[in-house]
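This report is meant to be read with the sequence and the coordinates side by side. It begins with a single residue and then widens to the sheet, the loops, the surface and the charged pairs.

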Amino acid sequence: MKLSLRIWRQPDADTKGQMVPYEIEGVSEDASFLEMLDVLNEHLIAEGKDPVAFDHDCREGICGACSLVIDGQPHGPQAATTTCQLHMRRYKDGDSIDIEPWRAGAFPVIKDLVVDRSAFDRIIQAGGYISAPTGTAPEAHSVPIPKQDADAAFNAAACIGCGACVAACPNGSGMLFMGAKVSHLSLMPQGQPERRTRVLGMVAEHDASGFGGCTNQGECAAACPKEIGLDVIGKLNRDFRKAAVRAA
Amino acid sequence: MSTDLQSRTAAPKAARPAPWKPWRSNIGLKIAMAVSGVLMVLFIIAHMAGNLHVFEGREEMNAYAAGLRSFGAPLLPHESLLWVMRIGLVASIAVHIGALIALSRRAHHARPVRYAHRHKAKGESPNAYGIMRFGGIVIFLFVIWHLLDLTWRTVNPVKDAHDAYGAVMATFDPDRWPVTVFYLLALTALGLHLRHGIWSAVQTIAGPNTKWRKRTQAIALAVAVLIVAGFAIVPLAVTFGVVS
Ligand code: HEM
Ligand code: SF4
Ligand code: FES
């Protein structure tokens with residue numbers, strides 16, 4: 001199929017970028033979206049031009065590296081699907097597609113479609129972990145966890161830290177990501193000792209990194225490739241309120 | 001926006017102001033917004049119910065208005081209930097708008113660049129961002145008009161402070177139909193504000209699970225409809241001559 005693309009090109013963090021049009025022909029409908037961009041880049045390289053920079057790693061929907069806002073939607077039009085798992089059969093001959101980077105003050109563009117998501121790493125460093133003694137793994141059944149909690153924690157742990165929630169949010173808020181991490185850990189017995197310092201530390205880092213507040217509009221959950229729901233934001237709010245009252 | 005590639009996980013240059021106060025955080029401000037909002041909702045329900053005295057006629061309505069002033073007499077001083085309400089409301093409005101300004105500024109910095117391709121909102125509470133902020137401005141302007149009209153009577157033909165009934169009749173007189181239209185417009189903005197605001201406040205304060213969030217959304221819609229209907233019926237009845 002033949003496609004008209006408009007892609008955000010920006011040479012580096014300090015130079016102004018713009019949407020640049022490209023035409024591409026002979027795209028297979030079996031190709032993935034990123035393979036389509038690979039083909040475009042081969043053409044660009046053959047023409048001696050600068051290829052389009054974009055993030056990717058596993059290409060199987062588990063690492064959280066791929067990004068791309070496709071026609072105004074983070075990870076594109078298909079629900080519960082990362083960009084790398086989006087396939088060209090979603091499109092038809094003659095379609096035009098707009099491709100932009102995640103837009104958020106806390107995620108500055110590095111080049112073209114690649115943004116710096118280290119703000120998420122800092123939020124994790126500020127509390128998104130448990131401290132555990134090293135050594136052999138404990139016997140799996142030594143700490144029983146109610147099935148309901150285990151399931152909820154597992155669902156929250158599905159977050160791959162891609163940042164689509166921030167990209168989708170009109171407030172540029174990282175609450176869904178943070179909520180997923182806080183829910184995951186605070187539902188587990190292993191997460192209890194650091195429960196209060198965790199939520200206070202993560203929220204402080206979130207705000208200091210320049211993410212906005214949550215309006216409960218829900219764009220994040222609609223964009224999340226791992227279907228993290230707004231309930232994790234409720235849980236985050238609740239954990240934060242309790243921890244803040246105790247700290248006061 | 002520059003990026004220091006050498007230290008990609010270093011803290012940002014603008015260090016957070018120490019000591020960090022949880023109540024200054026985004027969530028803290030949202031809690032302040034939610035609590036002040038809920039206080040205003042409680043007030044507004046009482047206000048709406050009070051307005052319905054109009055349908056009992058001039059004596060009853062004015063007696064209700066006088067009753068509000070002399071509430072608790074002779075134990076409590078004159079207008080004590082009203083003053084508690086006034087102070088509570090002014091405080092709520094100050095907190096609500098103060099938190100709003102801080103959060104809006106942060107949101108603006110957090111999302112400085114728009115997408116070239118705008119896709120329509122598909123969240124659970126679509127367009128809440130615009131409804132709350134721009135609808136909120138309509139509500140704010142309305143509150144000012146409302147005070148000038150029915151509290152201070154600056155723009156109302158009936159100056160007698162004891163004749164609340166007459167003031168209501170005069171302001172929604174068929175000849176002043178734009179007043180009724182503005183009132184209904186502001187009510188629409190209020191209804192939309194509360195449909196989102198009420199469940200948003202519950203989400204912010206209590207953080208319900210998915211099942212209860214859905215229930216809260218339904219309750220918020222019902223309360224918003226009730227409030228809008230209860231308020232709208234008065235100007236409509238006066239403008240269309242059902243009471244006069
Ligand atoms: C004076 C004009 C007003 C403005 C500019 C305004 C603006 C806002 C904004 C921007 C939000 C935040 C929405 C969000 O982030 O989710 C909000 C929330 C809210 N507002 Fe208002 N508002 C106004 C008046 C009112 C009034 C009169 C009431 C009550 C009758 C009210 C009740 C609420 C409630 C319950 C919330 C939810 C709290 C939350 O979780 O954010 N507001 N308002
Ligand atoms: S919550 Fe969803 S959208 Fe946000 S970072 Fe995690 S996986 Fe990505
Ligand atoms: S490249 Fe790993 S999730 Fe898409």
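In which helix of chain A is Asn41(A) found?

## A residue in helix 1

Asn41(A) is found in helix 1 of chain A, and the structure described here is a predicted model. Because its relative accessible area is 10%, and residues under 20% are called buried, Asn41(A) belongs to the buried class. Leaving aside its neighbours within four places in sequence, Asn41(A) is in contact with Pro51(A), Val52(A) and Phe54(A).

Helix 1 itself covers residues 33-46 of chain A and lies across strand 1, strand 2, strand 3 (69-70) and strand 5 of that chain. Relative to strand 1 of chain A, helix 1 runs at about 80°.

## The sheet of chain A

In chain A, 5 strands form an open sheet in the order 2-1-5-3-4, and the pairing within this sheet is mixed. Its edge strands are strand 2 and strand 4 (73-74), each of which pairs on one side only. Strands of a sheet are held side by side through backbone hydrogen bonds, in either a parallel or an antiparallel arrangement.

Both senses of pairing can be followed from strand 1 of chain A. With strand 2 (residues 18-24), strand 1 pairs in the antiparallel sense over 7 bridges, and here Leu3(A) has Ile24(A) as its bridge partner. With strand 5 (residues 96-100), strand 1 pairs in the parallel sense over 4 bridges; along this pairing Leu5(A) stands opposite Ile97(A), and Ile7(A) stands opposite Ile99(A). Strand 1 (residues 3-9) is also mostly covered, since 5 of its 7 residues are buried.

## Chain A as a whole

The secondary structure of chain A comes to 8 helices and 7 strands, and its C-alpha trace spans about 60 × 40 × 35 Å along the principal axes. Of the 248 residues of this chain, 57% count as buried. Among contacts in chain A between residues at least 6 apart in sequence, 68% join residues that are at least 24 apart. Chain A exposes about 10400 Å², of which carbon and sulfur atoms supply 52%.

## Backbone details in the loops

In chain A, Ala80(A) has its place in the loop between strand 4 and strand 5, and its phi is near 55°, a positive value in a residue other than glycine. With a relative accessibility of 36%, Ala80(A) counts as partly exposed.

In chain B, the loop between helix 2 (58-69) and helix 3 (80-110) holds Pro74(B), and the peptide bond from Ala73(B) to Pro74(B) is cis, with omega near 0°. Glu79(B) is found in the loop between helix 2 and helix 3 of chain B, where its phi is near 65°, a positive value in a residue other than glycine. Glu79(B) is buried, with a relative accessible area of 15%.

## A nonpolar patch on chain B

On the surface, Ile93(B), Phe134(B), Ile137(B), Phe140(B), Leu141(B), Val143(B) and Ile144(B) form a nonpolar patch, with about 620 Å² of accessible area together. Helix 4 (residues 128-151) of chain B gives the most to this patch, with 6 residues. Phe140(B) lies in helix 4 of chain B and, at 40% relative accessibility, counts as partly exposed.

## Salt bridges

Over all chains, the structure holds 19 salt bridges. One of these joins Glu205(A) to Arg122(A), the closest N and O atoms being 3.5 Å apart. Glu205(A) lies in helix 6 (residues 195-208) and Arg122(A) in helix 2 (residues 118-125) of chain A, so this pair ties together parts that are 83 residues apart in sequence. Glu205(A) is buried at 9% relative accessibility, and Arg122(A) is buried at 10%.

Another salt bridge brings together the side chains of Asp151(A) and Lys147(A), at 2.9 Å from N to O. Both residues lie in helix 3 (residues 147-157) of chain A, 4 residues apart, about one turn of the helix. Asp151(A) is partly exposed, with a relative accessible area of 34%, whereas Lys147(A) counts as exposed at 61%. Elsewhere, salt bridges that share partners join Arg9(A), Asp50(A), Lys111(A) and Asp112(A) into one network.

Technical notes. Residues numbered from 1 in each chain as written. Chains lettered and ligands numbered in written order. Predicted model: local features only at pLDDT ≥ 70, side-chain atom pairs only at ≥ 80, totals over all residues. Heavy atoms only, no water. Buried < 20%, exposed > 50% of the residue type's maximum accessible area, 1.4 Å probe, protein only. Helix = DSSP H or I, 4+ residues; strand = E, 2+ residues; numbered from the N terminus. Pairing = 2+ DSSP bridges. Contact = heavy atoms within 4.5 Å. Axes fitted to C-alpha atoms, helices over the stretch in contact; angles between N-to-C directions. Patch = residues over 30% accessible without salt bridge, like charges linked within 9 Å, V, L, I, M, F, W, Y side chains within 5 Å. Areas by Shrake-Rupley, 256 points an atom, 1.4 Å probe, with all protein chains shown as cover. Salt bridge = Lys/Arg side-chain N within 4 Å of Asp/Glu carboxyl O.
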